[in-house]
Amino acid sequence: MSRQVFAYIIHKNGKPDDTALEFATAARKLDPNAEVIGVVVGSGADLEAAAGEAAKSYTSVWKIDNAALAYPLADGVRKALTSVLPREAVVLIPHEHFGLDLAPGLAVKLDSPYLPDVVDFAGLDGDTLTAVRQEFSGMVSTHVACDIAAGAVITVRPGAFAPDESAAAGGTITDKSGDVGDLAAGRRYLETLVAEVGDVDITKSEILVSVGRGIEDQDNL
């Protein structure tokens, strides 16, 4: 039986995050023979649109539609994933604020290793995965051996893998909504405070140039 690798897909307004395409690449590098499954949670039309987009890059997509997940909080998402994921699952989660809230507790619930902030996979020998992490602000790369026989929860740094933009998978969407129970959580969503943004989104820039006061004037750039 082939290994199953699950990619947790973050989405907003029906559009999957850039990490969805990156995880399609990451999963194949982790294990070229694995069955890769995208997982999308949420509620309503936005979820349907996101699942449809994800199916362009994944041969199989699991969706969980629940009113409690209209605004995903880690508590509820963790309960939902624990209900549907097999215990030996390898799960990829973006290494960002939501992923850092979700992943450690999910690893505990699945009784599997937790491997954070991975930037590359260097090989798989049987059930031993060698992952690459960066230390000391990226000045040192470390190779970490992780036994994934019982699965693993791995957070992957956004931008670490090239996106798979082939968009030709034509995947099947499986509704797992009926497999989850009560998703009530201790936290609840109140509101979103949107920060002011400039004309340029620096998170989408490939190169950033930073200068100090010594430059004195823009013309000196």
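1. Let's start with helix α1, which covers residues 19-30. This helix has 12 residues, and going from its first C-alpha to its last takes you 15 Å, close to the 16 Å expected at 1.5 Å a residue. Bear in mind as you look around that this is a predicted model.

2. Which residues of α1 are buried? They are Thr19, Ala20, Glu22, Phe23, Ala24, Ala26, Ala27 and Leu30. As background for reading that list, an α-helix has 3.6 residues a turn, so residues three or four places apart point the same way.

3. Next, have a look at serine 177, which you'll find in the segment after β11. Is serine 177 buried or exposed? With a relative accessibility of 15%, serine 177 counts as buried, because the cut-off for buried is under 20%.

4. One is the side chain of aspartate 175, with a polar contact at 2.5 Å. There's also the backbone nitrogen of aspartate 65, which lies 2.8 Å from a polar atom of the serine 177 side chain. Once you leave aside neighbours within four places in sequence, the residues in contact with serine 177 are Lys63, Ile64 and Asp65.

5. That brings us to lysine 63, which sits in strand β5 (residues 60-65). Lysine 63 has a relative accessible area of 10%, so this residue is buried. Not counting residues up to four places away in sequence, lysine 63 touches Val40, Glu48 and Ala51, along with Ile173, Thr174, Asp175, Lys176 and Ser177. Notice that Asp175, the polar partner of serine 177, turns up among the residues lysine 63 touches.

6. Now for the surface. Which residues make the nonpolar surface patch of about 480 Å²? The answer is Ile207, Val209, Val211 and Leu221. Of these, let's pick out isoleucine 207, which lies in the segment after β11 (172-175). At 68% relative accessibility, isoleucine 207 counts as exposed, since exposed means over 50%.

7. Last stop: valine 108, in helix α4 (residues 97-110). Valine 108 has 65% relative accessibility and therefore counts as exposed.

How values were computed:
Residues numbered from 1 in each chain as written. Predicted model: local features only at pLDDT ≥ 70, side-chain atom pairs only at ≥ 80, totals over all residues. Heavy atoms only, no water. Patch = residues over 30% accessible without salt bridge, like charges linked within 9 Å, V, L, I, M, F, W, Y side chains within 5 Å. Areas by Shrake-Rupley, 256 points an atom, 1.4 Å probe, with all protein chains shown as cover. Salt bridge = Lys/Arg side-chain N within 4 Å of Asp/Glu carboxyl O. Helix = DSSP H or I, 4+ residues; strand = E, 2+ residues; numbered from the N terminus. Buried < 20%, exposed > 50% of the residue type's maximum accessible area, 1.4 Å probe, protein only. Expected span 1.5 Å × (residues − 1). Polar contact = N/O pair within 3.5 Å; in protein donor to acceptor, adjacent residues only side chain to side chain. Contact = heavy atoms within 4.5 Å.
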